[in-house]
Amino acid sequence: MAAEAAAMAEPEPEEVEMAEPEKEPEPEPEQEKEEMMMAAAMAEPQEPPQQEEPGPGPGLGLGLDSDPDPERPELRFEEEDIPHEEELLRQPFSVRCWLRYAQARRGGPGRRLNLLFERALRELPGSYKLWYQYLRLRRQQVKGRCPGDAAYEGANACHERALVFMHKMPRIWLDYCQFLADQGRITRTRRTFDRALRALPVTQHHRLWPLYLQFVRRHPLPETAVRVYRRYLKLCPEGAEEFVGYLRSAGRLGEAAARLARLVNDSTFVSREGKSNYQLWQELCELLSQHPGRVGPLDAGAIIRGGLTRFTDQRGRLWGALADCYIRSGHLEKARDVYEEAVQTVMTVRDFTQVFDSYARFEESVIAAKMETAAELGRDEDEEVDLELRLARFEQLVARRPLLLNSVLLRQNPHNVHEWHKRVQLYQGQPQQIIRTYTEAVRTVEPAKATGRPHGLWVAFARFYEDNGQLDDARTILTKATRVPFRHVEDLAAVWCEFGEMELRHGHHEEALRVLRKATALPARRAEYFDASEPVQNRLYKSLKVWAMLADLEESLGTFQSTKAVYERILDLRIATPQIVINYGLFLEEHGYFEESFKAYERGIALFRWPNVAPVWHSYLGKFVTRYGGRKLERARDLFEQALDGCPPRYAKDIFLLYAGLEERWGLARHAMAVYERATRAVLPAQRPAMFRIYIKRAAELYGVTHTRPIYQKAIEELGDEAARELCLRFADMETRLGEVDRARAIYTYCSQICDPRVSWGTQGWGGEHPGGWGGHPRVGGAPRGGGGGSRPRHLHLLLPDLRPPHHPDLLADLEGL
């Protein structure tokens, strides 16, 4: 046993080139000692060699003085062999000495080298290195010969003798099995592999199995290969995929399907090829569907249906595989039933497209086969009817595609309102189907989960009955709709409004008023409009949509008091919009209740802030000024001041202009000028130039042209450069018309210092016909051409000379064009 363990522990020898003996690695002392002990142990059961007389005989301890047989030259010793023989006499159990001797004889005859190895193995029968080199040499000697040559048997005998001692060495077994396989000895090779598996420990079997499996796959022996694979899978279950592949190539599909089904059901199986469980399922389904008659006792339908419940994202392909299984089995009606079940149960558009395309191709192929058969053999009456039936079935299938696709989308999301509307459109011309679809829709769609506006289904359902003259049924549907727990108040309000509009379309005005009054009635339990915890029926009384429609109906059909009560109720609930307030004011004004209308405006103003209150103020102020004019001037001023208090600059311009117009027409001119002056500071910066121009124009009309000088000066000093340049030109032109040339020159001087000739040259009257003049005026001396870009110059009033009496006392006509 110690010898066997030592032999097993010994590594496989490397390829040794005997042409260079100096490169042979020196064995360690321990290894040499182990070899000597193994040789002694293996030699114990044998009888000690007998000393014989010198004579012929391979490896029998020939002496140097022997007389070799002249007919056996391999027994002769050459002169260069003497040192090796002497060394062997001293160390007969040294593997190194024998290997050096063999290396020295490498170039000689093969029989002499074989004899030397035989002598060495006679002394050291347990040496792995010697056996490995000797067997390798014997295989090389027969390489290229005819497989029937007797030398092959000699080499095989050497391997058999080696295995007596080396039966625990996998390398020896592997080389021997490969050697036999190359000879084409199938049975002997198989038996040798079996002997190797019995001789070697199970931990070394993994080295034999690849060569063994390669051997059985190489020859057309499926029964033998299957038995070998079954033994292999007991040791290595992970090789089942390779076994399945061989079974499929060998045509044993039943066993392949059974083995593949076990792999799919084994949750602990890990594919050596990296395949997922679904990929194995796919291979199994493909095998079952393409060869349904050759898979043996397996129930292909049950297996594929199991995959349908397990792999929900691949139902389209699995349904197609199941139908293909029945088609190849010849059960066409069962295949059609499978397709029908598939299009009625798939959940995604992708799966539906796969199934429907397969279904259509199946029907087309059946029809084509029927037509070909009829063309070859002729048609009788029954075949004609069958063909017409199949054509009609195919046409119906194509026509059903939009409806089937809609069913798929509704199975995905049964609360999709848009898809329900599309389904109704697909049933156009089929009243019973439309009613059934609407009924199913309003029962199925939950408002809290709906995609879209769920009230649209109820409204469309009622409109369908209304269009068909069944008004009572439409009322019943809308009445039920008002009790549905919608998610938003707007949905319930739309139902009530549609209810009222339906009554109006049929001339039932009183009924429409009754419906809307019922909708706006106060509930038993009030709730805030945005309180989602309360049902929408308790929050409907604050829906402006319903109140606005009721107000319109009251104005058209009701009395003054009822209409006023509706508007008052809207204001009390604080749900009014600026437009509602303006409508209420106009309604009161039309009936001559001016003060009531002003009170309505004031109530509306109290409800809103800027900027929402802007249209209410504009309407209120305009109506008040139109109504009273200058009779209640102080009250009007208070209203304007109240409107301007906190007014954003964006909305201040219109109010200031209206205020100034009031003062000009019925108040004092200085008050109007004060309003204009305030407006120039209160409006947006972009509106200030226009406001200053209005201020200047009104000042010239009220006080004269000369009164605009301080306004010009203030505007030029406060506005930006662009607006200041324009006003400077206007100011200078005015002074020129008044004959104040010096003042005009000073204004131009001031303006030139805030102008850049690269930007302003030739604009706003500059340039003219002469490149050196400005708008036809003589060029002002001392005006820098490259001014601008620096800081503002000194104040304009410090540059202007004293005033002289104007030459033209009235220039209002000239200012009209400015």
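Is K449 buried or exposed? In this predicted model, K449 counts as exposed because its relative accessibility is 51%, and over 50% is what the word exposed requires. K449 also takes part in a salt bridge with E446, where the closest N and O atoms are 3.6 Å apart.

Of the 818 residues, 44% count as buried. The chain exposes about 42,900 Å², and carbon and sulfur atoms supply 52% of this area. Among contacts between residues at least 6 apart in sequence, 59% join residues at least 24 apart.

The inside of the model comes next. In soluble globular proteins, nonpolar side chains tend to be buried together. Here, the largest nonpolar core has 119 residues, and L540 and Y620 have the most contacts inside it. Apart from that core lies another, of 98 residues, with L124, I172, C236 and Y359 among them. Leaving out residues up to four places away in sequence, Y620 touches F598, Y601, E602, I605, R635 and L639.

Helix α13 runs over residues 253–265 and reaches 18 Å from its first C-alpha to its last, close to the 18 Å expected at 1.5 Å a residue. Its buried residues include L253, A256, L260 and V264. The cover over the buried residues of α13 includes α11, α12, α14 and α15.

Charged side chains also pair up elsewhere, and a search of the whole structure finds 49 salt bridges. In one of them, the side chains of K370 and D386 meet at 3.5 Å, N to O. This pair links distant parts of the chain, with K370 in helix α18 and D386 in helix α19, 16 residues apart. K370 is partly exposed at 36% relative accessibility, and D386 is partly exposed at 24%.

A further salt bridge joins the side chains of K542 and E528, at 3.5 Å, N to O. Both residues lie in the loop between α25 and α26, so the pair ties together parts that are 14 residues apart in sequence. K542 is buried, with a relative accessible area of 18%, whereas E528 counts as exposed at 53%. Salt bridges that share partners also join R463, E466, E498 and R505 into one network.

Finally, R688 lies in helix α34 and counts as buried at 18% relative accessibility. A polar contact of 2.8 Å joins its side chain to that of E718.

Definitions and conventions:
Residues numbered from 1 in each chain as written. Predicted model: local features only at pLDDT ≥ 70, side-chain atom pairs only at ≥ 80, totals over all residues. Heavy atoms only, no water. Helix = DSSP H or I, 4+ residues; strand = E, 2+ residues; numbered from the N terminus. Buried < 20%, exposed > 50% of the residue type's maximum accessible area, 1.4 Å probe, protein only. Polar contact = N/O pair within 3.5 Å; in protein donor to acceptor, adjacent residues only side chain to side chain. Expected span 1.5 Å × (residues − 1). Contact = heavy atoms within 4.5 Å. Core = buried A, V, L, I, M, F, W, Y, C linked by side-chain atoms within 4.5 Å. Areas by Shrake-Rupley, 256 points an atom, 1.4 Å probe, with all protein chains shown as cover. Salt bridge = Lys/Arg side-chain N within 4 Å of Asp/Glu carboxyl O.
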